[in-house]
Each structure stands twice: as C-alpha cells, then as structure tokens.
Amino acid sequence: MSKPSEVTQPRLNAERRRFRRIATRIEGRIVFAGVDVECLIHEMSATGALVEVTPLPALGTEIALDVPGVGFARGRAMRHEGELVSLDLDTPPGRHDRMNDRLILAAFRNPPLSDA
C-alpha cells in the first residue's frame, strides 16, 4: 500500500504550477554559468519551461532564456528530467498575460512533434 504522501504528490505538483504549460517545439537560446547555447523548448508558460539543452545546467543555477517570438526571461534550473531541465522563470506579474499570448502564437508556429 502506498503512503498518503506518495498518492497526493502528483496532484500537489500540478497545483503548484501557476500557469498551464503549453506544449511546443521552439528553438531558443539559454545562457548559464558562462555557457551560451541553443536549446529546444518542449513546454513553456510565463513562469516555467521544460528545455532540452546540452550541457544541462546544475540545479539551482541562474539562467537566462531567450525564446524567439515570446521574449526573454531569467530564472533557475529546478529539476533534471533525463536530458531535459525544468526551469522556474522569474517573469514579472505584469508580463504574464502578454507572454502567454505570445507563447500561444509561437506554439502554433512551432507545434510539438506528433507521436504518430
């Protein structure tokens, strides 16, 4: 039998998200700890992103993410998920709506690959 914390953990993680992430396949740039490389954004919202990049930034590392058509954001690396890094973005509240609108348009232009 699983512990109550194990059962509720996925739901709590979903509830912690302030904005729903939008699936996409946008090529951008990420800068961290003297590294400036291209990256692929798989999911993004105004306050977070899931990014494919090599090398992966160390957890807690401050990053700058440049997403064409969406904007520029600063934040930090929070989790590694295989070859991906989950980012927490420090977008000012006044930019959330505008960034999400731009992100939706960019996602239509750069949709994720279908599994079919």
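Select residues 84–89, strand β6, together with β5: the two run antiparallel and are joined by six bridges. Strands here are DSSP E runs of at least two residues, numbered from the N terminus (helices would be H or I runs of at least four), and two strands pair if DSSP finds at least two bridges between them. This is a predicted model, in which local features need pLDDT of at least 70, side-chain atom pairs count only at pLDDT 80 or more, and totals for chains, interfaces and linings use all residues. Residues are numbered from 1 along each chain as its sequence is written, and side-chain values use heavy atoms, leaving out hydrogens and water.

Now click on Arg76. Its bridge partner in β6 is Asp88, while Glu62 stands opposite Arg76 in β5. Glu62 brings us to β4 (residues 62–67), which pairs with β5 (residues 71–81) in the antiparallel sense, again over six bridges.

Next, visit the turns. Two residues separate the strands in the hairpin of β5 and β6, where Gly82 has a positive phi near 70°. The hairpin of β4 and β5 has three residues between its strands, and Gly69 in that turn shows a positive phi of about 80°.

Move on to the loop between β3 (48–52) and β4 to find Pro55. The peptide bond from Thr54 to Pro55 is cis, with omega near 0°.

Finally, select Ala33, in the loop between β1 (22–32) and β2 (35–44). Ala33 is not a glycine, yet has a positive phi, near 40°. Most residues other than glycine have a negative phi, and most peptide bonds are trans.
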